[in-house]
Amino acid sequence: MLSKGCSPDVVTYTAVVDGFCRIGKLDQAKKMLQHMYKQGCKPNTVSYTAFLTGLCRNGNSLQAREMMNVSEEELWTPNAISYSVVMHGLRKEGKLSEACHLVREMVSKGFFPTPVEINLIIESLCQEGKMGEAKKFLEECLNKGCAVNVVNFTTLIHGYCRKDDLEAALSLLDDIYLSNKHPDAVTYTTIIDALGKNGRIEEATDLTMKMLKKGLVPTPVTYRTVIHRYCQKDRVEDLLKLLEKMLSRKKCQTAYNQIIEKLCSFGNLEEADKLLVRILRTASRTNANTCNMLMESYLSKEMPLSAYKVAC
């Protein structure tokens, strides 16, 4: 272009910088930025953001962060996309403290992370067991007016549940309401699962009832979770009573079949046999499959007579 007397503009140069970055030729991309100055074409924010993206994509997020620190000297101003690119780079490289600090700077400049970006950082902090930092980050985002949603809270709750810190999870559930947000069925199911896993069945029942009273509809995952944990703890009668309440809110045609299948998987064939009698009144193909599973379980336990009775 230059040999033909045609001067590239900033858009053309930026496209070339981006192209070099996409194929990993960061040195060439940097030289192109310097060449732009020599040609009297000042790189803009888009030009630098393309280079920042290349750095982060190649595992050089700290170098990208340093470029942002000296942006004023280079006479360019990072925008929301620039911050987002570097934040994701830092997060992917496990530099979570730096990522959180960058978000604070981002907010101070008037740019706000999206709920998805907030969630990614919270999730990363939780995966590393940094629950205190994760909660502090969420609180800071709330206080700064960021668009925090119930998914962000649920992610943090899930982190507490994985650490078996159920008191913190339950406390955070209350905080959601105090923040004028509304937990959904996923939020409740996450805590119900953790309570059941730890044998706190009565509390799991109370929380499920609270969820129903709030007008929330149990999801298929809620059903699977409740059935699994109650059968695991051999609390079948409690489960059946709770299921009646759940089914009045949201029908689940395979609920009782799931219970029998789960009881079989845990080796509790006696309870499975009792429940089978109840559901055979509305026999269907699904029930037939459940009968087959119960028969197979009896046969695996070398109880052919019991298997025969189910077949009849």
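Predicted model: local features only at pLDDT ≥ 70, side-chain atom pairs only at ≥ 80, totals over all residues.
Is Ser-82 buried or exposed? With a relative accessible area of 0%, Ser-82 is buried. Setting aside neighbours within four places in sequence, Ser-82 is in contact with Thr-45, Thr-49, Leu-52, Met-68 and Trp-76.

Helix α5 also holds Arg-91. This arginine is buried yet has no salt bridge. How far away is the nearest side chain of opposite charge? That side chain belongs to Glu-123, and the distance is 6.3 Å. Because a salt bridge needs a side-chain nitrogen of Lys or Arg within 4 Å of a carboxyl oxygen of Asp or Glu, that cut-off is the one to keep in mind here.

| Residue | Residues in contact (heavy atoms within 4.5 Å) |
|---|---|
| Ser-82 | Thr-45, Thr-49, Leu-52, Met-68, Trp-76 |
| Arg-91 | Leu-96, Ala-99, Leu-120, Ile-121, Ser-124 |

Now to Glu-73, which lies in the loop between α4 (61-69) and α5 (80-92). Glu-73 counts as exposed because its relative accessibility is 65%, and the cut-off for exposed is over 50%. Together with Glu-66, Glu-72 and Glu-74, Glu-73 forms a negative surface patch.

Finally, the chain as a whole. It has 18 helices and zero strands, and 43% of its 312 residues count as buried. Among contacts with a separation of 6 or more, 59% join residues 24 or more positions apart. The accessible surface comes to about 16500 Å², with 51% of it belonging to carbon and sulfur atoms.

Methods
Residues numbered from 1 in each chain as written. Heavy atoms only, no water. Patch = residues over 30% accessible without salt bridge, like charges linked within 9 Å, V, L, I, M, F, W, Y side chains within 5 Å. Areas by Shrake-Rupley, 256 points an atom, 1.4 Å probe, with all protein chains shown as cover. Lys, Arg positive; Asp, Glu negative; His and termini not counted. Charge placed at Lys NZ, Arg CZ, Asp CG, Glu CD. Helix = DSSP H or I, 4+ residues; strand = E, 2+ residues; numbered from the N terminus. Buried < 20%, exposed > 50% of the residue type's maximum accessible area, 1.4 Å probe, protein only.
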